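Morning, everyone. Let's look at the ligand sites in this one. Here it is on the screen.

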Amino acid sequence: MSETTTTYRVCTLCEATCGIAVEVRDERVVSIKGDPDDPFSQGYICPKATAMKGLHEDPDRLRKPIRKRDDGTWEEMEWDEAIRYAAKGLLDVRKKSGGEALASYIGNPTVHNLHATMYTPVINRALASKQRFSASTADQFPKMVTAGLMFGENLTIPIPDLDRTDYLLILGANPLASNGSLMTAPNVKGRIRDIRGRGGKVVVVDPRRSETADVADEHLFIRPGSDTYFLLAIVNTLFEEQLVDLADSAEHVAGLDGVRDAVAGITAERVAQRTGIDAQSIRRIAREFAAAPSAACYGRIGTTCQEFGTLASWAVDVLNIVTGNLDRPGGVLFTKAAAAAGSSDEPGGTGVRLHRWNSRVSDYPEVFGEIPVAAMAEEMDTPGEGQIRGLLTIAGNPARSTPDTERLERALGSLDFMVSVDIYLNETTRHADIILPPTSALEHEHYDLAFYRLSIRNIAKFSPAVFEPPEGALHDWQILARLSAHLMGFGDMSADDVDDFVLNQLVDSLIPEDGAKSNGKSREEVVDELGTVRGPHRALDLMLRTGPYGDRFGADPEGLSLAKLKEHPHGIDLGPLMPQLPQVLETPSAKIEMSPALVLADLPRLRDALDRAPNDLVLIGRRHLRSNNSWCHNIEPLVKGRDRCTLMMNPTDADRFGLRTGDDVQVTSRVGSVVAPMEVTDELMPGVVSLPHGWGHDVDDIRMSVAREHAGVNSNVLTDSALMDAPSGNAVLNGIPVVVQAAV
Ligand SMILES: Nc1nc2c(c(=O)[nH]1)N[C@H]1C(S)=C(S)[C@@H](COP(=O)(O)OP(=O)(O)OC[C@H]3O[C@@H](n4cnc5c(=O)[nH]c(N)nc54)[C@H](O)[C@@H]3O)O[C@H]1N2
Ligand SMILES: Nc1nc2c(c(=O)[nH]1)N[C@H]1C(S)=C(S)[C@@H](COP(=O)(O)OP(=O)(O)OC[C@H]3O[C@@H](n4cnc5c(=O)[nH]c(N)nc54)[C@H](O)[C@@H]3O)O[C@H]1N2
Ligand code: SF4
Ligand SMILES: [Mo]
């Protein structure tokens, strides 16, 4: 009998960071179970966790670089040759068409992968082009913009205190399917049950009666895109009825008058028709929220990926602040992350600067150094100086995840050279000239730098690799390091040498020369102490040790370090979120800026749209527990069963159009058209239809055999790149005007 070993780590498929126990025998995963000793998830997992095995074993997952031949077929390449080929292709574009002809697109899984998190900034610097895109402008940029402007740092986002709140108001999020986002919390379902169990109330505001709405006390249908009206009408009610009470945050707030002016005239009665929520309900929610001993308002994709994403994200925080719930247990609080905490101990900082320059074609303002992903196709297909001719994608599938993908795919197909760092030959990477596949998630270590900044408790957990990588395989960081070296003109430099360079830079920025943060040790001594085994774990160790709980290289022997985390394989619970005002603020004023000019400048657009005639039908998205954006559909257990990629429509609309469940219907928007099976359900609000995103795998030249059998349709054929949340540049993925008719 061979031995069974168990590795404790986290599942990296969503933001919940559940602890898993991976059992291995004879180099094979025999089981993946929830880890009951993980202090955060306490054994909870969802059905996706076992897909970590499926992904690792998937025969379609690429193990070696593949290069496209002239006839469009693919051939495997050895790594050294592949890196040189990829680098040369990009460098040739730079030589021929200039530096701005090179672009990058960074996808979502990079955030779930320590190696990629640490090395995407490195490769972006090496590319040295302003043409930077990412999935974040199809996601959370509005929230990062408001966090940056109001609190001074783009990930200083107030997190709902799920475990202590008395009142939870959820808009545009379905954590029972998504397991939470910008709110890292394993088992949201159990935590919602506990809120209700202790006499609290949960209200869900959503155009669909979602799985989350089903377990809440109350659900209100809302017209897509109208959340800001609803929230500002609540705030208006609070002012009108003298219910505004900033509590302890009062002394830290600037610009409250701007809020009062902003909500003037936006009464519950005025917005009832536009939101689809009657005035009495709006006023009642306002009173309930203000009266609750503690309350938390939380908004997600439905509030960010919509026409007024920034205003809605701002209004969520405004509501929390004017009811005294910011920085209050049971309200919304800031994390104190063990690594990459973001704020210094002193209140105040440089804040964020946005809109420093504009995109080439449509003059969109940059945000956090990025151009809206909705502008990626036009930057590729519009001729002129600076037109994108070469692209690097890293862990992204923009051909399924960004608006108007038909135009984007045409543009991708016309590039001079494209490199994809990805584990699959899929809808996006098929356009590449070369695909460089990193190790699988079980073959590399991990730490959730981003999600522990966004979690409902302060947590630190290190995940070791389960398997040694196969001989010769490269991790994401090694691929990116070697490409970076070429792009910076160092040629064939080893990944280890690049890592030394990167680490030294980080040491210089985190360790003051006087040794104040390193127990008197010099920078050289610090680097020595971090060890000679190269890789991002050294930077992680450095961040942990200099972080708020760190051992500061011996100054506090009880403090955190990577070694300490390794002694606690199930993770370390650093306690519930604690009040942190004003230290956490990084705004130049050291105040909470309630009325940022850049946000308020978008109010006229909101006011103009208040009386706009409603569209007959608008499209929204949805997520399913067993899907993960576009890339987990090749795992049989996650796709078997009934077709989930259906167009949901309310019975009154279905009657109106004479459509029935099972009918094939044609859905058409300004930019495209798809045919999907119909599902008539009163879960959907009248006037709203829903299609999930990330499907549409019925493509000949991809290598995802299971996904092709469960193809579904691509909802982003319908989303319109001309619609955009102005201040953040975020794509509008919900509230798309469409026409639906029987397919012929
Ligand atoms: N199983 C699974 N989990 C995932 C993912 C996945 O694909 N599958 N993706 C991960 C990612 S990348 C993210 S960012 C998170 C997202 O996490 P969530 O935001 O929780 O994701 P959704 O399930 O899309 O929930 C969005 C909700 O907004 C509603 N909605 C649409 N338009 C509007 C509107 O205008 N107003 C309001 N109030 N509601 C609206 C939709 O009906 C839906 O219920 O999930 C993560 N987790
Ligand atoms: N209509 C509509 N569109 C949406 C959304 C919506 O709600 N509605 N949601 C949006 C949101 S929130 C997001 S985050 C985006 C996601 O947008 P993207 O990040 O562009 O798309 P994903 O589907 O996550 O594709 C991830 C890619 O990473 C690869 N991959 C997975 N793991 C690794 C790894 O460890 N290393 C490397 N190198 N590659 C890896 C996969 O093979 C896949 O190609 O989609 C957005 N698009
Ligand atoms: S909720 Fe599911 S997918 Fe998300 S981390 Fe937990 S087990 Fe993984
Ligand atoms: Mo996302």
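By class, the shell around ligand 1 holds 11 nonpolar, 12 polar and 7 charged residues. For the classes, Ala, Val, Leu, Ile, Met, Phe, Trp, Tyr, Cys and Pro are nonpolar, Asp, Glu, Lys and Arg are charged, and the others, Gly among them, are polar.

Ground rules. This is a predicted model: local features need pLDDT of at least 70, side-chain atom pairs count only at pLDDT 80 or more, and totals for chains, interfaces and linings use all residues. Residues are numbered from 1 along each chain as its sequence is written, chains are lettered from A and ligands numbered from 1 in the order in which they are written, and side-chain values use heavy atoms, with hydrogens and water left out.

Back to ligand 1. It has 30 residues around it, counted when a heavy atom lies within 4 Å. The closest are Ser-178, Asp-206, Asp-227, Ser-627 and Asn-629.

Where does ligand 1 lie? Domain 2 (146-334 + 340-346 + 580-605) and domain 3 (615-742) both give residues to its shell, so ligand 1 lies between them. Those bounds come from an automatic or database domain assignment.

Now specific atoms. A polar side-chain atom of Arg-623 sits 2.8 Å from an oxygen atom of ligand 1. For Lys-48, a polar side-chain atom is 3.1 Å from a nitrogen atom of the ligand. The protein covers 97% of the 920 Å² of accessible area that ligand 1 has on its own, by the Shrake-Rupley method with a 1.4 Å probe.

Key:
Polar contact = N/O pair within 3.5 Å; in protein donor to acceptor, adjacent residues only side chain to side chain.
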